[in-house]
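Try each task before you read its solution.

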Amino acid sequence: MTMGSEDQFKIAANKIKNANRLLVLGHINPDGDAISAVNAIALIAQSFNRQIDAFCINKKDEPFSFLPFTNKISNSFSGKLSDYDVVVVVDCGALSRTGIQDLIEEELKKTSSTRPFFIEFDHHPQVHAWADLEIRQPELSATCEVIYRFCKSQKIKFDRDLADSILTGILTDTGNFFYPNTSSETITIASKMMEFGARFAKISSWLKNNQDLLTIKLWGLALENLRFNPKYGFAFSVLTREDLKTAMMAAGHQDAVLRNDFSQILHSDLFGDIAGFLSNISGAKAVMLLRQDAPGKLKGGLRTSSSDIDISLLARQLGGGGHAKASGFELAGDLEKADEGWRVV
Ligand SMILES: [Mn+2]
């Protein structure tokens, strides 16, 4: 039997309260949800009078410094995991996105009493179970929404800083409530955070004005390639390997382009956001965003904002799966430019 989330929250709170040395980390090239989730865990740990270290590999200096703990999040990790008794991993999706997969796997080989206890807070679909305590709620818009539930369940007090952190994560991952992953509960939580002093106007305008270059470039290319079939109400766009390369080069990721490994930079969150946005096109019942994930391998995202369409049926036809409003699939093949659009070859 799987453990209920209340039990999981209780164990997590006890582990954090009783930790001697705590470490929290978010994913490589962190976005606003990862940075905010690290902030939130750090603030919670501090409210329990715990000292905490934090890092996100490749974190940039400027963004999200309006959250109190951001400047204490290191952009690399040179310590030893065995120095910590509790390690909290947030918003990573897959172990590889921690940027320290090898170090974690080394620890996991040891008997549990001689290594840290690993807790995962996440809202991505499961790739692989590895943490000692996996708090994964894929139906939620953001990891910060999972952490909100944790705080509520464990009666952790919200102050303005914690409320700002939760709200920043939610606004990041919903595109300021623009994407279909925004639920009525998401809005309710946001409104509660405002009651605790979260600065909605400041955060949402900050996010709007501080999109990173890679994101903007990818959106531009996806919009450029957008096609719409009014007869079927079907919109689609593609991002070829060349498009992805163009965006990565423009955003200064030459190294990854040279290594021909885009996977650590181009996370599926980015494409989910684009597909979600495209589903807002007037008259579009469904949208598909197809991208060249690797040579010979395509990944597709499907979205609908129509209440009477279950897009996961189409995803399953294509060998994938997901939810009624958002699902995805993978295909073997390459995208090739054709007269009227693109062909899968
Ligand atoms: Mn997230």
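**Exercise 1. Which residues of α1 are buried, and where do they lie around the helix axis?**

Step 1. Count neighbours: a residue is buried if 20 or more other C-beta atoms, placed from the backbone, lie within 10 Å of its own, and exposed if 12 or fewer. In α1, the buried residues are Gln 8, Phe 9, Ala 12, Lys 15 and Ile 16. This is a predicted model, in which local features need pLDDT of at least 70, side-chain atom pairs count only at pLDDT 80 or more, and totals for chains, interfaces and linings use all residues. Residues are numbered from 1 along each chain as its sequence is written.

Step 2. Look down the axis of α1: the buried residues fall within an arc of 130 degrees, so they line one face of the helix.

Step 3. Turn to the other side of α1, where Glu 6, Asp 7 and Asn 14 are exposed.

Step 4. Find the partners, with contact meaning C-beta atoms within 7 Å. The buried residues of α1 pack against several elements, including β1 (22-25), α2 (32-47) and α4 (143-153).

**Exercise 2. How do β6 and β8 pair with β7?**

Step 1. Take strand β6 (residues 227-229): three bridges join it to β7, and the two run antiparallel. Pairing requires at least two DSSP bridges. Phe 228 stands opposite Ala 235 in β7.

Step 2. Inspect the hairpin of β6 and β7: four residues lie between the strands, and Gly 233 has a positive phi near 60 degrees.

Step 3. Move to strand β8 (residues 286-294), which pairs with β7 in the parallel sense over six bridges. Here Val 287 is the bridge partner of Ala 235.

Step 4. Check burial: five of the six residues of β7 (234-239) are buried.

Definitions and conventions
Arc of directions from axis to C-beta. Contact = placed C-beta atoms within 7 Å.
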